[in-house]
Amino acid sequence: MQLRLAATVTTLCVTLAASPLAASPLGAQPPGSVEVGAYGQITRVDPKEARFESRAPLSLGVRGRVNLHRQFGVEIEASTGTVDGIGDPPRRRYNQLVARGTYTIPLTDFSSLLIGGGVSRSDYEVTYHFGANALVGVRTAITRRYALRSDVIFNYQANGGATELGLRTGIQSTLGPFDGPTSRDRTRGALTMQEPGSLEGGIFAQQWRLNPIWNLRSGKAIGTRIGAFITSRSEVEVDATYGRQAVRDGGQNGQTNAPLPGGATFRVTTFAFRYVQNIPVTSRIALLAGIGPSRTSYEYVDYWGVSGVAGARIALTHDLQLRGDVVADYGTNARVFDYALRLGASTVVRLGR
């Protein structure tokens, strides 16, 4: 009886040791997996720059993350809250958009330390600032799919000199890892297909066609993008553009019904997050289409909206690709479209399997 029990226990231990789930610590995340979650945040802001009555507004946020490697990941998050303002309007929104990379340091089989940095955009409704973001956090596994994450963040806004210090905590869930290239893609040698967890970074030049409602001339802009593949054909990406556009008709109203001075230029920026699907056509060419939320600022007015992209990529090598896109941004409040034509290059870094 004792020998039989011992044999049973030994067999069970060997089975668990051989299991991929048992071999993988709960504190580590497999490359190509995706994490989504929500959090609550309290932030200490500069009241003069933000024009808030409250020095520590509360916000709710959502986060999406792609694990490129067991220790490297990229994530984007957005938070919003309502606060009391100084002057007009008395009640306003406080929004944050952040894109960052993180490095994970395992602490135990169930917890890990995260250190990260990236770029941020803080919107006080009456003004907004871009800046740098730093993060230190702890991720604690609850189950294999769910975890508790708590972070301390710091934002430095270079153009305004203001700082923000935030504390947040929330729950997140892990999806995947997903499959890599199919046997057909491997047989065809499709250079546009990537392993899950691959990172794409690039720059592009853009020609805008702005809606006349803004009273701004269409013009050129520059931008950058970063994306992460979650399957061999699908990726999530974030891009940002910057341009200065001249007033079309001096003395005529813009979207705020206030006249814009002739000869002046206004800063126009976009920040978009999309899901993009790649469809291989040949071994070196793929068509792509994507959609997601966006935030567009015309310096004197800001809008949330929806951004769609359609284009093609050409693989010069497995690591270097050319990409051309047509982008349509729809401002939900103004109910108008802006269009853009883009051409750029990107490189792919494989940190995953």
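Analyst: Happy to! A salt bridge here is a side-chain nitrogen of Lys or Arg within 4 Å of a carboxyl oxygen of Asp or Glu. Please keep in mind that this is a predicted model.

User: Thanks. How many salt bridges are there in the whole structure?

Analyst: The search finds 22 salt bridges. One of them joins the side chains of Glu 35 and Arg 65, with N to O at 3.2 Å.

User: Are Glu 35 and Arg 65 buried or exposed?

Analyst: Glu 35 has a relative accessible area of 3%, so it counts as buried. Arg 65 is buried too, at 4%.

User: What does Glu 235 pair with?

Analyst: Glu 235 forms a salt bridge with Arg 313, and their closest N and O atoms are 2.9 Å apart. That pair links strand 11 to strand 14, across 78 residues. Both Glu 235 and Arg 313 are buried.

User: And which residue meets Arg 274?

Analyst: That's Glu 237, at 3.5 Å from N to O. Arg 274 is buried at 1% relative accessibility, and Glu 237 is buried with a relative accessible area of 1%. Elsewhere, salt bridges that share partners build one network, whose members include Glu 35, Arg 65, Glu 75, Arg 100 and Asp 151.

User: What about the second largest cavity, which strands line it?

Analyst: Strands 13, 14, 15 and 16 each supply at least two lining residues. The volume of this cavity is about 50 Å³. Among the residues that line it are Trp 304, Tyr 330, Gly 331, Val 336 and Asp 338. The lining divides into 5 nonpolar, 4 polar and 2 charged residues.

User: How do strand 15 and strand 16 pair?

Analyst: They pair in the antiparallel sense over 12 bridges. Gly 331 has Val 336 of strand 16 as its bridge partner, and both of these residues also line the second largest cavity. The hairpin has 4 residues between the strands, and Arg 335 there takes a positive phi near 60 degrees.

User: Which residue of strand 16 stands opposite Glu 200?

Analyst: Val 348 does. Strand 9 and strand 16 also pair in the antiparallel sense, over 12 bridges.

Notes: Residues are numbered from 1 along each chain as its sequence is written. This is a predicted model: local features need pLDDT of at least 70, side-chain atom pairs count only at pLDDT 80 or more; totals for chains, interfaces and linings use all residues. Side-chain values use heavy atoms; hydrogens and water are left out. On a 1 Å grid over the protein atoms alone, a cavity is a set of points where a 1.4 Å probe fits but cannot get out, and a pocket is an open set with protein on both sides within 12 Å along at least five of seven lines; lining residues have an atom within 4 Å of a point. Grid points are joined across faces, edges and corners, and a volume is the space filled by probe spheres set on the points. Ala, Val, Leu, Ile, Met, Phe, Trp, Tyr, Cys and Pro count as nonpolar, Asp, Glu, Lys and Arg as charged, and the others, Gly among them, as polar. Two strands pair if DSSP finds at least two bridges between them. Buried means under 20% relative accessible area, exposed over 50%, partly exposed in between (1.4 Å probe, protein chains only).
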